[in-house]
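Let's take a walk through this model together, going from the overall fold down to single side chains. Have your viewer open and follow along.

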Amino acid sequence: NLYERICAHAVVLAQRIRNAFVNKGYRVAIDSPTNQQFVRLPNEVIDRLRQDMSFDYWGSRGAKESVVRFVTSWATSDKDIARLKVLVG
């Protein structure tokens, strides 16, 4: 059941990412129950996070805000999520 455990770990951490953004008042662009989370963020927040985190634009960059995609994996740690929470503010 290694594959199932790895997937479950990634999904749990992805939900923590989602909750961190929602708790700060940011909107989820796509409600995803997977290891991928799609969040609508102001571009200045994206620019700040990009200095320390890796994520993808989900579509083109908007004038004031954009949707970004965070993906977790078997290698994502609780420390990674804690760091993201600090950077989100």
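Predicted model: local features only at pLDDT ≥ 70, side-chain atom pairs only at ≥ 80, totals over all residues.

Residues are numbered from 1 along each chain as its sequence is written, and side-chain values use heavy atoms, with hydrogens and water left out.

Let's begin with the sheet. Helices and strands here are DSSP runs numbered from the N terminus (H or I with at least four residues for helices, E with at least two for strands). Four strands make up an open sheet, ordered E1-E2-E4-E3, with antiparallel pairing; two strands pair if DSSP finds at least two bridges between them. Strand E1 (27-30) and E3 are the edge strands, each pairing on one side only. E1 and E2 run antiparallel and are joined by three bridges, and Val 28 stands opposite Val 39 in E2.

Contact means heavy atoms within 4.5 Å.

Next, the rings. How many aromatic pairs does a search of the whole structure find? There are four, where rings of Phe, Tyr and Trp (its six-membered ring) pair if their centres lie within 6.5 Å, and planes under 30 degrees apart count as stacked, over 60 as edge-to-face and the rest as tilted. Phe 21 and Phe 70 have ring centres 5.3 Å apart and planes at 40 degrees, so this pair is tilted. Because Phe 21 lies in helix H1 (residues 2-23) and Phe 70 in strand E4 (residues 65-71), the pair ties together parts that are 49 residues apart in sequence. Buried means under 20% relative accessible area, exposed over 50%, and partly exposed in between (1.4 Å probe, protein chains only). Phe 21 is buried at 0%, and Phe 70 is buried at 4%.

Phe 38 and Trp 58 have ring centres 4.8 Å apart and planes at 65 degrees, so they form an edge-to-face pair. Phe 38 sits in strand E2 (residues 36-42) and Trp 58 in the loop between strand E3 (56-57) and E4, so the pair ties together parts 20 residues apart in sequence. Phe 38 is buried, with 7% relative accessible area, whereas Trp 58 is partly exposed at 45%. Ring pairs also link Phe 21, Tyr 26, Phe 55 and Phe 70 into a cluster.

Finally, turn to Gln 37, which lies in strand E2. Is this side chain's residue, Gln 37, buried or exposed? Gln 37 counts as buried, because its relative accessibility is 1%. A polar atom of the Gln 37 side chain lies 2.9 Å from the backbone oxygen of Ser 32, and the backbone oxygen of Thr 34 lies 3.2 Å from a polar atom of that side chain. Beyond its neighbours within four places in sequence, Gln 37 is in contact with residues including Ala 14, Arg 18, Val 68 and Phe 70.

Notes:
Polar contact = N/O pair within 3.5 Å; in protein donor to acceptor, adjacent residues only side chain to side chain.
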